[in-house]
Amino acid sequence: MNSRPGSFDELDRKIVTALMANARTSFAEIGAGIGLSATAVKRRVDRLRETGVITGFTATVRPSALGWRTEAYVEVYCEGAAPPRRLAEVVRNHPEITAAMTVTGGADALLHVRARDVEHFEEVLERIRVEPFIRKTISVMVLSHLIPDSPEAGASHPVPDEAPVRAADLR
């Protein structure tokens, strides 16, 4: 894949907007809406994928339908300067962590955690806390999503009967 962005014009923006709204929209439907043939839309989508503008297509699923009924954000505070590489290793060992990022401010990282229930969340939190360089965590439970159609309100990976699996594990 070429990481060079290339040209990105108004037609590309309209195509990307249509695909973000519904990735199953046909090239013919998109083309009809923006004045291009289905073939021209396909060529542009192929180019956008090749240049890394479009990185994939996913389904958005209601988390509770898959067994994720508890959700929280966890601030992670480290002893000394834990390198992002080391934090990433920890994150990969916890499939319940659906997003993780280093942040500015007092915390070193912010984790988005989904669990079956509060008991499962507590178990995940204890697994995170045993890492030797983690000094403390502060958790904030999500009560409801004020923007229910946001990406944060959805999930793109299934929850098996026992241990959850991350989308990266399905590729």
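Let's start with one residue. Ala 107 is buried, with 8% relative accessible area. Buried here means under 20% relative accessible area, exposed means over 50%, and partly exposed lies in between, using a 1.4 Å probe and protein chains only.

A word on the source. This is a predicted model, where local features need pLDDT of at least 70 and side-chain atom pairs count only at pLDDT 80 or more, while totals for chains, interfaces and linings use all residues. Residues are numbered from 1 along each chain as its sequence is written, and side-chain values use heavy atoms, with hydrogens and water left out.

Back to Ala 107. Where is Ala 107 found? Ala 107 sits in the loop between strand S2 (97-102) and S3. Leaving aside neighbours within four places in sequence, Ala 107 is in contact with Glu 75, Val 76 and Tyr 77. Contact means heavy atoms within 4.5 Å. Take Val 76. Ala 107 and Val 76 are 31 residues apart in sequence, yet 5.6 Å apart in space, C-alpha to C-alpha.

Now the overall layout. The protein has six helices and four strands. These are DSSP runs, numbered from the N terminus: helices are H or I with at least four residues, strands are E with at least two. From the N terminus on, the order is α-α-α-β-α-β-β-α-β-α. Of the 171 residues, 33% count as buried. Among contacts with a separation of 6 or more, 68% come from residues 24 or more positions apart.

Next, the strands. Two strands pair if DSSP finds at least two bridges between them. Strand S1 covers residues 70-78, and seven of its nine residues are buried, so S1 is largely enclosed by the rest of the structure. What does S1 pair with? S1 runs antiparallel to strand S3 (residues 109-115), joined by seven bridges. Ala 72 has Val 113 as its bridge partner in S3. S1 also pairs with strand S4 (residues 134-141), again antiparallel, over seven bridges. There, Tyr 73 has Val 140 as its partner.

S3 has another partner. S2 and S3 pair in the antiparallel sense over five bridges. Ile 97 stands opposite Val 113 in S3. S2 and S3 form a hairpin with six residues between them, and Gly 105 in the turn has a positive phi of about 100°.

On to a helix. Val 90 is in helix H4 (residues 84-92). Buried or exposed? Val 90 counts as buried, at 4% relative accessibility. Setting aside neighbours within four places in sequence, Val 90 is in contact with Glu 131 and Phe 133. Val 90 and Arg 127 are 37 residues apart in sequence and 9.8 Å apart in space, C-alpha to C-alpha.

Last, a pocket. Which residues line the second largest pocket? The lining includes Pro 63, Trp 68, Arg 69, Arg 114, Leu 143 and His 145. By class, the lining divides into five nonpolar, four polar and three charged residues. Nonpolar covers Ala, Val, Leu, Ile, Met, Phe, Trp, Tyr, Cys and Pro; charged covers Asp, Glu, Lys and Arg; the others, Gly among them, are polar. A pocket is an open set of points on a 1 Å grid over the protein atoms alone, where a 1.4 Å probe fits, with protein on both sides within 12 Å along at least five of seven lines; lining residues have an atom within 4 Å of a point.
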